[in-house]
Amino acid sequence: YKGGVGTGLGVWDNALKTLLFNRVREVPAARKKVNELRLFKTRLELQVRDIKEALMSSEGAIPVDVSPVLPEPVFIERSDLENSLPVKAALFGIRDGLRTYIKEAIKAVGVHRFDPGFTEILITGGGAYLPSVVDCVRDAVATLGPAYPSKVRSDYVSALYTSTPNT
(Lines give C-alpha, C1' and ligand atoms only; values in the text may rest on other atoms or scores of the structure.)
Protein backbone atom coordinates (compact mmCIF):
# COMPACT_ATOMS: atom_id res chain seq x y z
CA TYR A 1 0.00 0.00 0.00
CA LYS A 2 1.51 3.31 -1.05
CA GLY A 3 0.72 6.85 -0.02
CA GLY A 4 0.98 8.77 3.18
CA VAL A 5 0.34 11.92 5.09
CA GLY A 6 1.93 15.20 4.09
CA THR A 7 2.17 18.58 5.67
CA GLY A 8 3.82 21.74 4.52
CA LEU A 9 6.96 22.51 6.43
CA GLY A 10 6.18 26.17 5.87
CA VAL A 11 4.38 25.84 9.21
CA TRP A 12 7.76 25.46 10.94
CA ASP A 13 9.26 28.33 8.93
CA ASN A 14 6.38 30.68 9.68
CA ALA A 15 6.34 29.76 13.37
CA LEU A 16 10.09 30.37 13.58
CA LYS A 17 9.79 33.77 11.89
CA THR A 18 7.00 34.74 14.27
CA LEU A 19 8.96 33.58 17.32
CA LEU A 20 12.06 35.52 16.30
CA PHE A 21 10.19 38.65 15.32
CA ASN A 22 8.29 38.61 18.62
CA ARG A 23 11.53 38.11 20.57
CA VAL A 24 13.01 41.17 18.90
CA ARG A 25 9.88 43.23 19.48
CA GLU A 26 9.94 42.34 23.20
CA VAL A 27 12.89 44.71 23.59
CA PRO A 28 11.39 48.20 24.04
CA ALA A 29 14.19 49.96 22.15
CA ALA A 30 13.62 47.70 19.12
CA ARG A 31 9.98 48.78 18.68
CA LYS A 32 11.06 52.27 17.71
CA LYS A 33 13.35 51.07 14.92
CA VAL A 34 10.76 50.68 12.18
CA ASN A 35 13.16 50.73 9.22
CA GLU A 36 15.55 48.33 10.95
CA LEU A 37 12.67 45.96 11.72
CA ARG A 38 11.78 45.92 8.03
CA LEU A 39 15.37 45.09 7.11
CA PHE A 40 15.48 42.35 9.72
CA LYS A 41 12.19 40.89 8.50
CA THR A 42 13.49 40.79 4.92
CA ARG A 43 16.76 39.17 5.97
CA LEU A 44 14.87 36.67 8.11
CA GLU A 45 12.83 35.58 5.07
CA LEU A 46 16.10 34.70 3.32
CA GLN A 47 17.69 32.93 6.29
CA VAL A 48 14.79 31.13 7.97
CA ARG A 49 15.61 27.75 6.41
CA ASP A 50 19.24 27.89 7.55
CA ILE A 51 18.20 29.00 11.03
CA LYS A 52 15.62 26.19 11.23
CA GLU A 53 18.17 23.58 10.14
CA ALA A 54 20.70 24.82 12.70
CA LEU A 55 18.01 24.79 15.37
CA MET A 56 16.85 21.25 14.53
CA SER A 57 20.39 19.88 14.70
CA SER A 58 21.15 21.59 18.01
CA GLU A 59 20.42 20.36 21.49
CA GLY A 60 20.75 23.79 23.10
CA ALA A 61 19.92 27.39 22.33
CA ILE A 62 21.33 28.90 19.17
CA PRO A 63 22.13 32.57 18.64
CA VAL A 64 20.34 34.39 15.83
CA ASP A 65 21.78 37.61 14.46
CA VAL A 66 19.02 40.23 14.68
CA SER A 67 21.03 43.20 13.50
CA PRO A 68 20.42 45.98 12.61
CA VAL A 69 17.61 46.03 15.17
CA LEU A 70 19.64 44.84 18.15
CA PRO A 71 23.41 44.62 18.51
CA GLU A 72 23.28 41.32 20.44
CA PRO A 73 21.89 38.06 19.06
CA VAL A 74 18.62 36.57 20.25
CA PHE A 75 18.78 32.98 21.52
CA ILE A 76 16.16 30.43 20.60
CA GLU A 77 15.78 26.74 21.49
CA ARG A 78 14.28 23.89 19.49
CA SER A 79 11.64 23.46 22.21
CA ASP A 80 10.51 27.06 21.64
CA LEU A 81 9.64 26.17 18.06
CA GLU A 82 8.29 22.69 18.71
CA ASN A 83 6.01 23.95 21.49
CA SER A 84 4.57 26.80 19.44
CA LEU A 85 0.87 26.44 18.70
CA PRO A 86 1.19 26.23 14.88
CA VAL A 87 3.80 23.47 15.10
CA LYS A 88 1.82 21.56 17.73
CA ALA A 89 -1.27 21.78 15.52
CA ALA A 90 0.70 20.48 12.53
CA LEU A 91 2.08 17.60 14.59
CA PHE A 92 -1.41 16.67 15.79
CA GLY A 93 -2.56 16.74 12.16
CA ILE A 94 0.28 14.45 11.12
CA ARG A 95 -0.38 12.03 13.98
CA ASP A 96 -4.14 11.88 13.50
CA GLY A 97 -3.88 11.78 9.71
CA LEU A 98 -1.37 8.96 9.85
CA ARG A 99 -3.52 6.95 12.25
CA THR A 100 -6.48 7.31 9.88
CA TYR A 101 -4.30 6.46 6.90
CA ILE A 102 -2.99 3.30 8.60
CA LYS A 103 -6.55 2.12 9.33
CA GLU A 104 -7.51 2.71 5.69
CA ALA A 105 -4.38 0.94 4.41
CA ILE A 106 -5.03 -2.11 6.60
CA LYS A 107 -8.63 -2.21 5.39
CA ALA A 108 -7.59 -1.82 1.72
CA VAL A 109 -5.03 -4.60 1.96
CA GLY A 110 -7.58 -6.87 3.65
CA VAL A 111 -5.61 -7.87 6.71
CA HIS A 112 -6.15 -7.32 10.42
CA ARG A 113 -2.73 -5.75 10.88
CA PHE A 114 0.57 -5.33 9.08
CA ASP A 115 3.29 -7.89 9.68
CA PRO A 116 6.14 -5.96 11.36
CA GLY A 117 8.65 -8.16 9.55
CA PHE A 118 7.48 -6.77 6.20
CA THR A 119 6.73 -3.22 7.26
CA GLU A 120 8.72 -0.03 6.88
CA ILE A 121 7.41 3.47 7.46
CA LEU A 122 9.41 6.01 5.49
CA ILE A 123 9.54 9.68 6.30
CA THR A 124 10.67 11.64 3.28
CA GLY A 125 11.16 15.27 2.38
CA GLY A 126 11.97 18.01 4.83
CA GLY A 127 10.01 16.34 7.63
CA ALA A 128 12.63 13.61 7.80
CA TYR A 129 15.03 16.20 9.24
CA LEU A 130 12.69 17.40 11.97
CA PRO A 131 13.00 15.34 15.15
CA SER A 132 9.50 16.35 16.26
CA VAL A 133 8.01 14.93 13.04
CA VAL A 134 9.93 11.66 13.39
CA ASP A 135 8.82 11.34 17.02
CA CYS A 136 5.25 12.13 16.02
CA VAL A 137 5.24 9.39 13.38
CA ARG A 138 6.73 6.90 15.84
CA ASP A 139 3.98 7.82 18.31
CA ALA A 140 1.29 7.35 15.65
CA VAL A 141 2.50 3.91 14.56
CA ALA A 142 2.94 2.74 18.15
CA THR A 143 -0.81 2.10 18.12
CA LEU A 144 -0.06 -0.86 15.80
CA GLY A 145 2.12 -2.50 18.42
CA PRO A 146 5.47 -2.16 20.18
CA ALA A 147 7.53 -3.34 17.18
CA TYR A 148 6.37 -0.60 14.83
CA PRO A 149 8.10 2.54 16.14
CA SER A 150 11.45 0.92 15.30
CA LYS A 151 10.21 0.48 11.71
CA VAL A 152 10.12 4.25 11.15
CA ARG A 153 12.95 5.39 8.90
CA SER A 154 13.86 9.01 8.27
CA ASP A 155 17.13 8.22 6.50
CA TYR A 156 15.63 6.97 3.25
CA VAL A 157 17.09 8.39 0.06
CA SER A 158 15.56 7.35 -3.21
CA ALA A 159 17.82 5.61 -5.73
CA LEU A 160 16.70 8.32 -8.15
CA TYR A 161 18.57 10.91 -6.09
CA THR A 162 21.68 8.81 -5.60
CA SER A 163 21.98 8.11 -9.34
CA THR A 164 21.56 11.74 -10.39
CA PRO A 165 24.85 13.63 -10.84
CA ASN A 166 25.20 16.66 -8.60
CA THR A 167 25.46 19.42 -11.21
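Predicted model: local features only at pLDDT ≥ 70, side-chain atom pairs only at ≥ 80, totals over all residues.
Arg 95 sits in helix H5, which covers residues 85–109. Is Arg 95 buried or exposed? Its relative accessibility is 18%, and because buried means under 20%, Arg 95 counts as buried. Setting aside neighbours within four places in sequence, Arg 95 is in contact with Cys 136, Asp 139 and Ala 140.

**The whole chain**

Stepping back, the protein chain has seven helices and four strands. Read from the N terminus, the elements go α-α-α-β-β-α-α-β-α-β-α. There are 167 residues in the protein chain, and 37% of them count as buried. If you take the contacts with a separation of 6 or more, 66% are between residues 24 or more positions apart.

**Helix against helix**

Two packed helices are described by the angle between their axes and the distance between the axes.

| Pair | Angle | Axis distance | Crossing |
|---|---|---|---|
| H1 and H5 | about 165° | 9 Å | left-handed |
| H1 and H3 | about 125° | 9 Å | right-handed |

Take H1 and H5, which pack at an angle of about 165°. That makes H1 roughly antiparallel to H5. On the H1 side, Val 11, Trp 12 and Ala 15 do the touching, and they meet Pro 86, Val 87, Ala 90, Leu 91 and Ile 94 in H5. By class, this contact of H1 with H5 has eight nonpolar residues, with no polar and no charged ones.

H1 and H3 are another story. They pack at about 125°, and they are therefore oblique to each other. From H1, the contact takes in Trp 12, Asp 13, Leu 16, Lys 17, Leu 20, Phe 21, Val 24 and Arg 25; from H3 come Leu 37, Phe 40, Lys 41, Leu 44, Glu 45, Val 48, Ile 51, Lys 52 and Leu 55. How do the residues of the contact of H1 with H3 divide by class? Eleven are nonpolar, none are polar and six are charged.

In soluble globular proteins, nonpolar side chains tend to be buried together. In this model, the largest nonpolar core has 46 residues, and those with the most contacts inside it are Trp 12, Val 24, Leu 81, Val 137 and Val 141. Which elements each supply at least two residues of this core? They are helix H1 (10–25), H3, strand S1 (62–64), strand S2 (74–76), H5 and helix H6 (131–141). H5 provides the largest share, nine residues.

Val 141 shows what those contacts look like up close. Not counting residues up to four places away in sequence, Val 141 touches Leu 98, Ile 102, Ile 121, Tyr 148, Pro 149 and Val 152.

**Around Leu 37**

Leu 37 lies in helix H3, residues 34–56, and it is buried, with a relative accessible area of 11%. Leaving aside neighbours within four places in sequence, Leu 37 is in contact with Phe 21, Val 24, Arg 25, Ala 30, Arg 31 and Val 69. Of these, Val 24 is 13 residues from Leu 37 in sequence, and the two are 8.6 Å apart in space, C-alpha to C-alpha.

Arg 31, another partner of Leu 37, has its place in helix H2 (residues 28–31). Apart from residues up to four places away in sequence, Arg 31 touches Arg 25, Glu 26 and Leu 37. Arg 31 and Val 69 are 38 residues apart along the chain, while their C-alpha atoms are separated by 8.8 Å.

Finally, find Ser 67 and Pro 68: a cis peptide bond joins them, with omega about 10°. Pro 68 is found in the loop between S1 and S2.

Methods. Residues numbered from 1 in each chain as written. Heavy atoms only, no water. Buried < 20%, exposed > 50% of the residue type's maximum accessible area, 1.4 Å probe, protein only. Contact = heavy atoms within 4.5 Å. Core = buried A, V, L, I, M, F, W, Y, C linked by side-chain atoms within 4.5 Å. Axes fitted to C-alpha atoms, helices over the stretch in contact; angles between N-to-C directions. Parallel < 35°, antiparallel > 145°, perpendicular 65-115°, else oblique. Left-handed = near helix turned anticlockwise from the far one by under 90°. Nonpolar A, V, L, I, M, F, W, Y, C, P; charged D, E, K, R; others polar.
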